[in-house]
Amino acid sequence: MSGGGDAEGEPAPRYPYGTAFCEYTVHGTGLFEVPDARADPRFAETPAVTQFGVRSYAGVPLRAGDGEAVGTLCVMHPEARTLSAAERARLGELGRWAEGELRVGSGSGRRSGSGSGSVSVSVSSDGDVSALSLPFGEVSGDLHAWQRSGSAVTVTVGDVMGKGAVAGALAEELQASLASSSSSASGPAVALARAAASLEPRLASLGAFVTLFHAVIDDSGSVEYVDAGHGLTLIVPASDTAPVERLASRDLPLGVQDAASGWAPRTVQLQPGDTLISVTDGVLELDDSTLDSLLRLADELRSRPDVGGFLDGVAARVEVAAVDDDVTVLVVTLPAR
């Protein structure tokens, strides 16, 4: 194991194998905790304790799609302490979320097997919002919605951890709560905080979390949004030569991030003819399960003469691909002037 050097340009110190907390975590099956490293003979004389002042440690292993531990998510403190039951649960939730991000980034999240479900393609009355929803089973854990109010439309795309009736019930509950909390006047961050607070006890009791993109888009193209660990939203410019922009997530999912602390609102500007597309991670399994597949999805959107044809193409691919997850695609196009 290596740590930071003492000064710029100096090589990082090397430590013997078997002296790091995270080695025990990687080889374990769940949360590994050391309340007081100075009193633990395994670590009392290790460099982390004697040189860097670590007194307590807690970590969970992060596993790739094949089950192999490839890293850890851990917290350390300079004082002796024991995590509470709630803190252990939260660390476990963060670990599961981090595993999902690793699998998306590495492509190891791709699964074999196939699912079937009815395809639901909906187009809003004014034609600027379209969506595709294809559940893996009888009930989808994905959610998508849009609601126009005056000169703005509020859109939502989310993914509840898990599948089946429990995930579907959570998705419906969250969707209803957001609908009752949302308004263009209060903004998406306020609406999400209200909805998350009402759902937080249920998420905690189930050990579940939800990734979510929630935005208000006005007719001028101004987009105010919050992204709760979702990170699967693109801005596709009307010009084929302009680069596609991914709206990366900087916040954590519902059920992981404290609802009282809220989610940071951000803004982006659409130009006439630009398209915003937000998907759930089941869409990535149509390609190589990496974030690069989002860019190829944007190319596919650009190659189609209309959004309906694009969604039909995605639905056809889902029907023949080995996708064992819910698939949702929501597309918003700012009309060209």
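**Sheets, helix packing and cavities**

Strand 2 (residues 56-63) and strand 3 are paired in the antiparallel sense, and 8 bridges join them. This pairing, like every feature described here, is taken from a predicted model. Within the pair, arginine 63 stands opposite alanine 69, which belongs to strand 3. Both strands are part of an open sheet of 3 strands, whose order is 1-2-3 and whose pairing is antiparallel. Its edges are formed by strand 1 (32-34) and strand 3 (69-77), each of which pairs on one side only, and the twist from one strand to the next averages 15°. In general, the strands of a sheet pair through backbone hydrogen bonds, and they may do so in a parallel or an antiparallel manner.

Another open sheet contains 5 strands in the order 6-7-8-9-12, again with antiparallel pairing. Here the edge positions are taken by strand 6 (142-149) and strand 12 (266-269), each pairing on one side only, while the twist averages 15° from one strand to the next. Strand 6 is paired with strand 7 (residues 152-160) in the antiparallel sense over 8 bridges, and tryptophan 146 has valine 155, in strand 7, as its bridge partner. Helix 4 (residues 164-181) lies across strand 6, strand 7 and strand 8, and runs at about 15° to strand 6.

Two packed helices are described by the angle between their axes and by the distance between those axes. For helix 6 (residues 292-303) and helix 7 (residues 307-320), the axes come within 9 Å and cross at roughly 130°, which means that helix 6 is oblique to helix 7. Helix 6 contributes Leu297, Glu300 and Leu301 to the contact, and helix 7 contributes Phe310, Gly313, Val314 and Arg317. Sorted by class, the residues in this contact of helix 6 with helix 7 are 4 nonpolar, 1 polar and 2 charged.

Rolling a probe the size of a water molecule over the atoms shows where empty space is left. A search of the whole structure finds 2 cavities of 30 Å³ or more, and the largest cavity holds about 70 Å³ of space. The lining of the largest cavity is made up of Asp128, Arg148, Val153, Ile217, Asp218, Asp219, Leu270, Val332, Thr333, Leu334 and Pro335. At least two of the lining residues come from strand 8 (210-218), and at least two from strand 14 (327-333). By class, the lining of the largest cavity comprises 6 nonpolar, 1 polar and 4 charged residues.

Key:
Residues numbered from 1 in each chain as written. Predicted model: local features only at pLDDT ≥ 70, side-chain atom pairs only at ≥ 80, totals over all residues. Heavy atoms only, no water. 1 Å grid on protein atoms, 1.4 Å probe; cavity = no way out; pocket = protein on both sides within 12 Å on 5 of 7 lines; lining within 4 Å. Points joined across faces, edges and corners; volume = space filled by probe spheres on them. Helix = DSSP H or I, 4+ residues; strand = E, 2+ residues; numbered from the N terminus. Nonpolar A, V, L, I, M, F, W, Y, C, P; charged D, E, K, R; others polar. Pairing = 2+ DSSP bridges. Axes fitted to C-alpha atoms, helices over the stretch in contact; angles between N-to-C directions. Contact = heavy atoms within 4.5 Å. Parallel < 35°, antiparallel > 145°, perpendicular 65-115°, else oblique.
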